[in-house]
Amino acid sequence: MKRYSAFAVAREALRNHMGWERAWASPEPKKKYDVIIIGAGGHGLATAYYLGKNFGITNVAVLEKGWLGGGNTGRNTTIIRSNYLQDPSAAMYEKSRSLYETLSQDLNYNIMYSPRGVIMLAQTEHEVRGYKRTAHANALQGVTTEFISPQRVKEIVPIINLDGPRYPVLGGLWQARAGTARHDAVAWGFARACSAMGMDIIQKCEVTGISREGGRVTGVSTNRGDIACDKLGIVVAGHSGHLADMAGFRLPIESVSLQALVSEPIKPCMDCVVMANTVHGYMSQSDKGEMVIGGGTDGYNNYTQRGAFHHIEETVRALVETFPMISRLKMLRQWGGIVDVTGDRSPILSKTPVEGVFINCGWGTGGFKATPGSGWGFAELMAKGHSPLCNEFGLNRFKEGRFIDESVAAGVAH
Amino acid sequence: MLILTCPCCGVTAEETEFHGGGEAHVTRFGPGSSEDDFHGYLFEKVNPKGVHFERWRHNNGCGKWFHAARCTVTLEVFGTYSAQTTEPPQDIKDKISAKRPGWSWREFA
């Protein structure tokens, strides 16, 4: 792998940019790998990367049925934050956020991490109390957040309307080092680094079956032949239930569609991320100038990557009340992603009833922010069988009643 | 956008008039059951990619619960039926078999 640098740009400028090589290879699958990861999205590729970087395991294949980063990795609203209420969540998301700070340097790939700050608006008395509590919890967890006044919110976001008739802004939970990153670049950067370590990233390779022998995984069948492995990591978000079915167990997960939309590009008007959980909307401005808007989930199981139209109306109606200046904005695109939602709105990083099969799922509506941290912890879990970052996120927590309840703390939007 | 017909009052309306209630035909395991049964009843979901049976409530209408057979990939509604049953009626199953040969859902097929 040739390093990207200012020198490389200058060198290529002098020879008509003929020397850039492909960022990652597209090899044919081998007969056997030590570890197979199903799903070449952010989390799957991050897992492979940290398996190689932290544990020296490089005989790894990452299988992807579509194209790299084409699922939820390329469909989210790119928000990164770690202001969660519960200790295990705060540890996981803060680890992830801190990894994002230096990820561009670590991967030698510009992921455009922009710690522009995230405000979660408190628009009811209940939310004010909830976010004050979260700010206190974050102080104990070592996550830097503060509860700010409506005047401070207005200073940070001049375009906001503080005294909306239905949902006045009563304050906000402010995390200054939260922000956004380029979601595609995160997947591409990890893929390039994995490929450089000798791992095989195999796209258009759909897993159709999981072979077991005596309760232990032996390999997978795919549309490109059978591939054997010692350990298997399932990192497929919305399709987790489908893959778990192949491996012969059920998950406490339901897949629903979550929508997002972007507007036409306009001049810079908002340099942070604003989330309004009471009204189910959140918004930031991309580097191109588009307003990136995230909405709510559908209320029923869904694999369509579309989402119901009335949710767009709800989201836009709420945001227009909060930001009156966007009322004439044209929307350019709308799409949906299939998110895997657990009962307590916390992820599952766990061993499974099948020996050698590990599962990383249940990130629901907020997985992008966790990409490097999830990969870090899940790689440790796969390599060593346990990980301090993942211990609380086991599948057995449901049976044992140890929920990590973020459904109240995080509202609906992540 | 889903269009459902409430079998209780006969009204056909789009989804904002209804509210999804999750997986149907769940067998309840209460106090005295084994831990595995209780865990399965509370948490384990079918979450199929394809044919699915769900509970719905006619929230902004007659207010009654009913069941719907639906495809989670195409959003096609195969039919709705009364909730006073432990398994999908034969005519709904036949309708699904005609459109999705070889389907199965938990113990039903």
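Start inside chain A, where 29 residues of domain 1 are in contact with 28 residues of domain 2. Keep in mind that you are looking at a predicted model.

Now select strand S3 (79-80), helix H3 (87-101) and helix H8 (240-247) of chain A; each supplies at least two residues of the side of domain 1 that touches domain 2. Which of them gives the most? That's H3(A), with four residues. Colour this side of domain 1 by class and you'll get nine nonpolar, 13 polar and seven charged residues.

In soluble globular proteins, nonpolar side chains tend to be buried together. Here, the largest nonpolar core has 114 residues, and Ile36(A) and Val62(A) have the most contacts inside it. Pick helix H7 (residues 183-196) of chain A, which gives the most to this core, with seven residues. Both domains of chain A take part: the core draws at least three residues from each of domain 1 and domain 2.

Zoom in on Ile36(A). What does it touch? Leaving out residues up to four places away in sequence, Ile36(A) touches Ala61(A), Leu63(A), Val220(A), Ile227(A), Cys229(A) and Leu232(A).

Select residues 309-322 of chain A, which form helix H9. How far apart should its ends be? At 1.5 Å a residue, these 14 residues should span 20 Å, and the end C-alpha atoms are 21 Å apart, so the two agree. Now show His311(A), Thr315(A), Ala318(A), Leu319(A) and Thr322(A), which are buried. They cover an arc of only 95° around the axis, which puts them on the same side of H9(A). An α-helix has 3.6 residues a turn, so residues three or four places apart point the same way. To see what covers the buried residues of H9(A), select the strands of chain A, including S12 (253-265), S13 (273-276), S14 (281-285) and S15 (290-297).

**Last stop: where the chains meet**

Show both chains: the contact takes 17 residues from chain B and 20 residues from chain A. On chain B, pick strand S3 (19-23), helix H1 (35-42) and strand S4 (51-57), each supplying at least two residues of the side that touches chain A. That side of chain B divides into four nonpolar, seven polar and six charged residues.

Terms used. Residues numbered from 1 in each chain as written. Chains lettered and ligands numbered in written order. Predicted model: local features only at pLDDT ≥ 70, side-chain atom pairs only at ≥ 80, totals over all residues. Expected span 1.5 Å × (residues − 1). Buried ≥ 20, exposed ≤ 12 C-beta atoms within 10 Å, placed from the backbone. Arc of directions from axis to C-beta. Contact = placed C-beta atoms within 7 Å. Nonpolar A, V, L, I, M, F, W, Y, C, P; charged D, E, K, R; others polar. Core = buried A, V, L, I, M, F, W, Y, C linked by C-beta atoms within 7 Å. Domains from an automatic or database assignment.
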